[in-house]
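The report that follows goes through the contact between two chains and then through selected local features. Please read it alongside the sequence and the structure shown here.

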Amino acid sequence: MEILLNNQALTVAEEHYRKPLLTWLREQQELPATKEGCGAGDCGACTVLVGRLQNGKVHYEAVNACIALLGNLSQCHLVTLDGISHGNKLQPVQQALVDFHGSQCGFCTPGIVMAMMAWWLNTPANPLQTDKEIKQHRHDIEEALSGNLCRCTGYHPILKAAASLAPFTLGGGMDKADLVGLTGIQITEILAELSPSTKPLAYQQPYTEQELAQAINAMPEATFISGGTDLGLEVTQQLNTRDAYIDLSQVAELQHIQRDGDSLHIGASVTYSQLSEYLSGDSHQASHAWQKILNVLGSRQVRNKGTIGGNIANASPIADTPPLLLALQAKLILQKGTESREIELADFYIGYRQTVLATGEYIREIIVPIDDHQVHIEKISKRYEDDISAACIAMVYKLEDDHISQCKIGLGGMAATPVLAEQLQVLLEGKMPAEINSKDILEGLKKDVSPMSDVRASADYRLQVCANILAFWLSPEHHKQAGGWA
Amino acid sequence: MRKLPQVEPHNIGNTSSFKVVGASKAHESAILHVTGQARYVDDIPTPANCLSAYIGGAQVTSGKITKADLSKVWQAPGVVDVITADDIPGHRDIGPVFPGDPLLAEEQVNFMGQPVFAVLANTREQAQQAAKQANIQIQASEPILNLEAAQTANRTVRPSHSLTKGDVAAEMLKAPCQLDIEQQIGGQEHFYLEGQVALALPQEDGGVLVYSSSQHPSEVQKLVAEVLGIPMHLVVVDMRRMGGGFGGKETQAAQWACLAALLAVRNNKPVKLRLGRSDDMQLTGKRHGFVNQAQVGFDHSGQILAVQAQLNGLCGCSADLSDAIVDRAMFHTDNAYYLPAAKITGHRWFQNTVSHTAFRGFGGPQGMMLAEQMLDDVARAVGRDPLSVRLANLYSPQRGMTTPYHQQVEGFPMQRIIGELVDSSQYWQRREEITLFNEGSQRMVRGLALTPVKFGISFTAQFLNQAGALVHVYTDGSVQVNHGGTEMGQGLHTKIGQIAAAELGVELDAIVVTASRTDKVPNTSPTAASSGTDLNGQATRAACETIRQRLQEFVAETHNCTPSQVQLKAGQVIWPSGQQSFAELVQAAYLARISLSSTGYYRTPKIYYDRDKAAGHPFYYYTCGAAVTEVEVDRLTGMYKVLRTDILHDAGASINPAIDIGQIEGAYVQGMGWLTTEELVWGDDGRLQSNSGATYKIPAVGDTPAEFNVALLENSSNHEATIYHSKAVGEPPFMYAISVWSALRDAIYQAGNRQCNPQLDTPATPERVLWAMQQARGETS
């Protein structure tokens, strides 16, 4: 495969397809500006920009190089800090960080610069006028930096540096910015000419479902990988590289998001960032809940890579989207060869990290019914950004004549798989909210789940917060007052 | 050099605006940081034959090694060498002060994963894979994993020590009110972004050059020499910059440097050893957890009359620096408050964990936590606002200025600081607003707290309070400065550069501060105890002064004036009858055979501590300040946010206000992490479960206070003759974060309608906060 690394088109040898991008940058390319802080996608010191050609334009996103496997990046424009630094002539983002004393030890700084660059390139120059716009602007900056840990500065000077770039210098675009010594047009032309992945058996990146079927036929035991934000960790943390991967992220048929009557159809390879953007203008109840959970799912870097299908198929009990999808009664289209079947998400999980997926079978699409239910979600974690749920709870219901109906409660972090609280649902069904107190809910929950105590929280805490939140959603106060910040 | 470089002649511009000390200069490496050119140890280009080392250990927490079969490690692809303790030619113990830290475990294993062997391979991946192949058998013994177990077994790493002032028993009896406190304080992972790393290059004659990410190159040099069994003059340690240290690279960097050096010399090949994050977290020491207990006697107005305190430091499996750390906790149990009678005892308990070590504040924060809980608890007991009770208990000439260790507190502007901060933060007005908010809010509840900090400056080990510098002026007028301190992001080299520029009267860009190297300035102290600028700044000034005086005398002789009539400023040299540029003067001096290089040396005056009497003057002075924090807590989940923080800090006459403010903001957020979301969890098997960024949560960008006002106390000057009368700044602001914990307790107290004073151990995770709110409301969980 070929990539454009900064201003240089390169061929990547097949032996490197299953290697992390960061190691390749530092060791093979001798580009040490990109740092390894944690090797696990938690700190962002290794942030680089990945640009892909979309509809004739290059769209750049911040990505953690430590857990991105090279095979995933065929025909991309990879931009590292080395590429945008030209002597002492600084980019506006870099100059702002210097001016506001935004670096101390400097080790996180390369990642901070690149995360800020991604935001800077993608944010239109818009003078901020209303309080709401200013607040949203600060939120956007924090969102852009949500995956970058700094242990020295306390972030305040970094936030000030980012804010100083607004509103006048924003909206550089790679065209205007001329970041790597190439114009936007040159970059587009080079990317269009790059050869795709050679698709070696050990790392196949099909572009169509037909190619995917061939890949599966050739290597039926290969591991499916999509965003790789969890599988990449196996490589760097457990030193466990699978024998073969089939990369679903670029399969054209898995990329769609569309509304079709009463349903939202989400292709399995749609990333969290793409879904969030699609739903951003939408004022539907469920869209608010989606935005709320997507906003605290991993970091910006993780959201740019991770996919909805991957989140479901990975079958982690602490995955963030399944509780909401379960409560919304989502269905999955599973594909194996030419055969496809539709199943309820509620029937998908069969045990800890086990699903009904047969060998060679993958999730093609997620179908989410759209209705006028009340939709709520809350994620409980020690930290707001880039943390894993201690518990995640979603509830979907209707009030008919002040009585609860069609109640569905999805839980994450509460059992070996994401689950519906079926007994509690029955308990609540047909009741008036005023008849229910948090003690009853707690007792009901205990019949459904027996969570674990672990490094994130105790079993008692998990049960208690879920009961507290459910009781609050059903309380009269909830309708008067907006809930949490997340 | 037969021909001198061309230099700029003098300019006749105005030199009166020249101000380098006191100016907010950018970090000396800021441009290198943002362009990715700043080199850390792992970025140094290595020779093509460089090999990679990794360590392997025992997967048992406590026990004796019965068999270490490393044959499969040897057989693994790419393996070049495997070493155990038996392969160490010199010292096997690298304990920094007391023995107890084996380079590689010989027989006894004291914590999960303790390194037993090191493997050298062609690549890092090969070395890591090979390290997993060992078969180490261990006869396990019952581990000690909490205070009770250590007390039952009566296992300490050092003897206990007590501070005594007055007749505590008698004063306690006389006090109208008493209360008891017990608080559990969690430790803290340093989470420096750059993990532990060393690169060793063998030299001729059996020597070695070591690049080590260390706060203490001289100690690394000494330990490498001892481990190799060679004299120190054959070992050079080089440290340009660390990607964060925070105390975690004071003693903890040595092991990896020693192993890399040993393998390099044994194999006559360059060797790099870099720990992965998860191993770094499991194998290096952290901030000590403490269990503090106290009985407090006080009167009905909330004035404290007597304190009897037990500080139990959980030290891990060896002494490391724990003696001094628990001492410093004891020295800060008073914080800013006068204790008329006090007995403070510190214990150093053994645990089957990694040996805990230095971390910003060095025990001070853990001691100060007890003081602040005392003040909050006493205030609630007497029904007054905690701020009023804090003010009533401050050191003052009226109440007393003598600490429990019998040092007189001098230069203590705390009344002024709190007065100004109460005004600027509108403490009393916000107190009322918060009460109103809480009455009208079903879900969120807010809390507010002001806590002061008085932090003693100096190493409590007297001999460490010394420093050296080496300054070279070259014939083009450029200057190289080297000193004993290390740069870990705190801006030390920037401040040193400013001091050298001021003393030599040149612009800042004429100065380069080079990597810390043991062959330039020898026998240095660790860069620790907030002392970097205080010590090395003075040494640098002394060196520059020597050179400047030589130059002034030379000008005076050649131009018929007195040395004091010769001014060096902004790169110009001015005497009554003429002027030339600094570079011109330097060339003239060189041709006249004047030495343009000098060392400088400094030792801190006045300090001493008599441990037998538990009395003395361990601190040259105190750095002071105060913080006000407002938090908002979710009654449903215990999750919280800091809404606003106001800090007023006394940096004396600040050498670089921007750098000082950066230290304050960063320390506050780091301290906030310690007390809130950063939870070290050890399993029953002694394994650290919070061993990655996924399970151990340091503050992220959104955790920074939404409103963050930090100011330096205006028109301040250290009453002691410190470098330009500035004050140390590295550690003290860490403890402003205690105001976050105190504000959380306030919010919880408010959530319970001010009926029940909540217990809140740390870290105050959302879970602990939720349970505390239940307790405050009188519910049981």
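## Contact between chains A and B

In this predicted model, 63 residues of chain B are in contact with 65 residues of chain A. On the chain B side, at least two residues each are supplied by helix H1 (30-35), helix H3 (124-131), helix H8 (277-283), helix H17 (657-675) and helix H19 (766-776) of chain B. The largest share of that side comes from H17(B), which gives seven residues. By residue class, the side of chain B that touches chain A divides into 24 nonpolar, 29 polar and 10 charged residues.

Helix H6 of chain B, residues 217-228, has 12 residues and reaches 16 Å from its first C-alpha to its last, close to the 16 Å expected at 1.5 Å a residue. H6(B) is followed by Gly229(B), whose phi is positive, near 70 degrees.

How many of the 12 residues of H6(B) are buried? The count is 10, and the helix is thus described as mostly covered. Among the buried residues of H6(B) are Pro217(B), Val220(B), Leu223(B), Val224(B), Val227(B) and Leu228(B), and the list also includes Glu219(B) and Lys222(B). The buried residues of H6(B) pack against strand S10 (208-212), strand S11 (235-239), helix H7 (254-267) and strand S20 (516-517), which belong to chain B.

## A four-stranded sheet in chain B

Four strands of chain B form an open sheet with mixed pairing, and their order is S16-S27-S28-S29. Strand S16 (444-457) and strand S29 (707-712) of chain B are the edge strands, each of which pairs on one side only. From one strand to the next, the twist averages 15 degrees.

Within this sheet, strand S27 (residues 621-634) and strand S28 (residues 640-649) of chain B pair in the antiparallel sense over nine bridges. Val631(B) has Val642(B) as its bridge partner in S28(B).

## An open hairpin in chain A

In chain A, strand S11 (residues 331-336) pairs with S12(A) in the antiparallel sense over six bridges, and the bridge partner of Leu332(A) in S12(A) is Ile343(A). The hairpin of S11(A) and S12(A) has two residues between the strands, and Gly337(A) takes a positive phi near 60 degrees there.

Why does strand S12 of chain A lie largely in the open? Of the six residues of S12(A), which spans residues 339-344, the number buried is zero, so the strand lies largely in the open.

Notes
Residues numbered from 1 in each chain as written. Chains lettered and ligands numbered in written order. Predicted model: local features only at pLDDT ≥ 70, side-chain atom pairs only at ≥ 80, totals over all residues. Contact = placed C-beta atoms within 7 Å. Nonpolar A, V, L, I, M, F, W, Y, C, P; charged D, E, K, R; others polar. Expected span 1.5 Å × (residues − 1). Buried ≥ 20, exposed ≤ 12 C-beta atoms within 10 Å, placed from the backbone. Pairing = 2+ DSSP bridges. Axes fitted to C-alpha atoms, helices over the stretch in contact; angles between N-to-C directions.
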